[in-house]
Amino acid sequence: MTVRERRLRWPIPAGLESAIRGLVVRAVERRAKYILIRFDAGTLILHLGMSGSLRLVKAGALPRTHDHWDIRLEGGWILRFHDPRRFGSLHWTRADPALHPLLARLAPEPLSDAFDPEYLYRATRKRSVAIKQFIMNSQVVVGVGNIYASEALFRARISPRRAARRITRLQAAALVSAIKAVLGAAIKIGGTTLRDYVNAEGSPGYFRQELFVYERAGAACRVCATPIKQFTQGQRSTYWCSSCQH
Ligand SMILES: [Zn+2]
């Protein structure tokens, strides 16, 4: 491993280069926005921050500005981390990464069995916040961003303004399956094209063509032809159909 800049969101631990030298990668996993690279001796916990990206480059490729670290792999490849704003981070733990302070208190993954209708229904009780903001809260469920929250609420036919505690059991079930369906479809297609999103091969995602409401303000609802409406919730744009969603 070569570190060119240790000062990321947290400093890269001293001695990491020697700690991982010669180790075999056993698995690469994800938990919330953290990437876990597992070795027998421990786990690297990596976060891309606001602007970080990982690329595989050929050994010998010259680093660009903001290329902060490299991990040399077998076969002449380098895993290279690029991050202009340096909000990304890299931690090393020899313990179970699920117990690491960054991960220990994260809410369930939306595609896991733990995120089920009963969980969502119980979590919404006594919560007066709007359901859209509720499902975007990473202490409720991780990884449901603005696009997917808007789209899932449309599929579940629930108004984004509805108070979380007013969701019925049936609606909780509809919303859980809508969130799983929207995320599953986006992953299958390869993500949503945002300003700077690219996949590992450097290509943009293609989910955008599949959107029903997101960034379609004024356009006809694909189900009922009512113009899609837009308003702001918690500094984020919400898009919805006032005829399909209640
Ligand atoms: Zn509609």
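Guide: Helices here are DSSP runs of H or I with at least four residues, strands are runs of E with at least two, and both are numbered from the N terminus. The model is a predicted one, and its chain holds five helices and 10 strands. Along its principal axes the C-alpha trace spans about 60 × 35 × 30 Å, and buried residues account for 43% of the 246 residues. Of the contacts between residues at least 6 apart in sequence, 55% bring together residues at least 24 apart.

In soluble globular proteins, nonpolar side chains tend to be buried together. The largest nonpolar core in this chain has 35 residues, and the members that touch the most others are Leu-120, Ile-131, Ile-135, Leu-175 and Ile-179. At least two residues of this core come from each of helix H2 (117-124), helix H3 (131-135), helix H4 (146-156) and helix H5 (169-189), with H5 giving the most, eight residues. Once its neighbours within four places in sequence are set aside, Ile-179 is in contact with Pro-110, Phe-115, Ile-135, Val-144 and Ala-152. Apart from this core there is another, of 18 residues, which includes Leu-16, Ile-20, Leu-79 and Leu-90.

Directly after H4 comes Arg-157, which takes a positive phi of about 60°.

Lys-126, although not a glycine, has a positive phi of about 65°; Lys-126 sits in the loop between H2 and H3 and, because its relative accessibility is 81%, counts as exposed. Gln-235 likewise has a positive phi, near 65°, and is placed in the loop between strand E9 (229-233) and E10, where its relative accessible area of 77% makes Gln-235 exposed.

The cysteines can be taken next. Cys-241 counts as buried because its relative accessibility is 0%, and Cys-244, at 6% relative accessible area, is buried too, while a search of the whole structure finds zero disulfides.

Nonpolar side chains are also found on the surface. Leu-56, Leu-73 and Trp-77 form a nonpolar patch there, with about 270 Å² of accessible area together, and Leu-56 belongs to strand E5 (residues 53-58). The loop between E5 and strand E6 (67-72) contains Thr-65, which counts as exposed because its relative accessibility is 58%. Thr-65 and Asp-83 are 18 residues apart in sequence, and their C-alpha atoms are 9.0 Å apart in space. For the chain as a whole, the accessible surface comes to about 13400 Å², and 53% of that area belongs to carbon and sulfur atoms.

Conventions. Residues numbered from 1 in each chain as written. Predicted model: local features only at pLDDT ≥ 70, side-chain atom pairs only at ≥ 80, totals over all residues. Heavy atoms only, no water. Core = buried A, V, L, I, M, F, W, Y, C linked by side-chain atoms within 4.5 Å. Buried < 20%, exposed > 50% of the residue type's maximum accessible area, 1.4 Å probe, protein only. Contact = heavy atoms within 4.5 Å. Patch = residues over 30% accessible without salt bridge, like charges linked within 9 Å, V, L, I, M, F, W, Y side chains within 5 Å. Areas by Shrake-Rupley, 256 points an atom, 1.4 Å probe, with all protein chains shown as cover. Salt bridge = Lys/Arg side-chain N within 4 Å of Asp/Glu carboxyl O. Disulfide = S-S within 2.5 Å.
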